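Reader: I have a structure open and want a quick tour. Can you walk me through it?

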Amino acid sequence: MHRLLRHVCKQAAVVTSILSLSLLVACSSTPSEEAIHQLIQDGINMAESHDVRGMMELLEDGFIAGPGHHQKREVRGILFVMLKRYGKFRIMHPRPSITLSDDEQSAIVKMNFLIARKQQLFPELEQLYKEPVAWLETVDKNADLYTLSMELGAGSGEWLLKRARITRFTRPHGSL
């Protein structure tokens, strides 16, 4: 009985340590990273509600979009056509990768995401938010997958997009 109790206590200590470590990792985001995550979520909300004007406000004046080296004024028309093409949709994604500069005035963000019809269900994806590879494998054939790479700046105290490049998601050996 004493051995069993000691074994259970050791297991409880290991589980507690793992949970504490995971909480520290989950809470280790800097204020800049949290602001970038919020910017991304705001952009997604605006895209899903077809708010082109709102999305344009997230771009710096010198913004460039690729492929194609499109300037900010061209992006408005591209967004309008894309939103019409998809109709009612939703965007889902795992946690984006954020690399902040040392002075936290610029950042590189890479995220994979899918665009799916509003009624398309993916109940298991929320459980895979922190596992991008498993998230992508789960999606497979039911939606359009993209990779978005962004360069952001915090010039006036708020984060804005300087550059963005969107590409169709592919695995090393071709499409998913």
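Author: Helices (H or I, at least four residues) and strands (E, at least two) are DSSP runs, numbered from the N terminus. This is a predicted model, in which local features need pLDDT of at least 70, side-chain atom pairs count only at pLDDT 80 or more, and totals for chains, interfaces and linings use all residues. Residues are numbered from 1 along each chain as its sequence is written, and side-chain values use heavy atoms, with hydrogens and water left out.

Reader: OK. In the hairpin of β6 and β7, which residue takes a positive phi?

Author: G157, with phi near 90 degrees. That hairpin has six residues between its strands. β6 (144-153) and β7 (160-168) run antiparallel, joined by eight bridges. S149 has R165 in β7 as its bridge partner.

Reader: What else does β7 pair with, and in which sense, parallel or antiparallel?

Author: β1, in the parallel sense, over four bridges. There, I64 is bridged to R163 in β7.

Reader: Which residues is A154 in contact with?

Author: E104, Q105 and W159, leaving aside neighbours within four places in sequence. Contact means heavy atoms within 4.5 Å.

Reader: Where is E104?

Author: In the loop between β4 and β5. E104 has a positive phi of about 55 degrees although it is not a glycine. At 29% relative accessibility, E104 counts as partly exposed. The hairpin here has five residues between the strands. β4 (residues 97-100) and β5 pair antiparallel over four bridges, and T99 stands opposite I108 in β5.

Reader: Now helix α5. Which residues are buried?

Author: W135, L136 and V139. They are on the same side of α5, because they cover an arc of only 95 degrees around the axis. The arc is that of the directions from the helix axis to the C-beta atoms. The buried residues of α5 pack against β3 (89-92), β5 (106-117) and β6.

Reader: Last one. How much space lies in the largest pocket?

Author: About 890 Å³. On a 1 Å grid over the protein atoms alone, a pocket is an open set of points where a 1.4 Å probe fits, with protein on both sides within 12 Å along at least five of seven lines; lining residues have an atom within 4 Å of a point. Grid points are joined across faces, edges and corners, and the volume is the space filled by probe spheres set on the points.

Reader: Which lining residues are closest to its centre?

Author: L79, M82, F113, L148 and I166, out of 32. The largest share of the lining, seven residues, comes from α4.

Notes
Buried means under 20% relative accessible area, exposed over 50%, partly exposed in between (1.4 Å probe, protein chains only). Two strands pair if DSSP finds at least two bridges between them.
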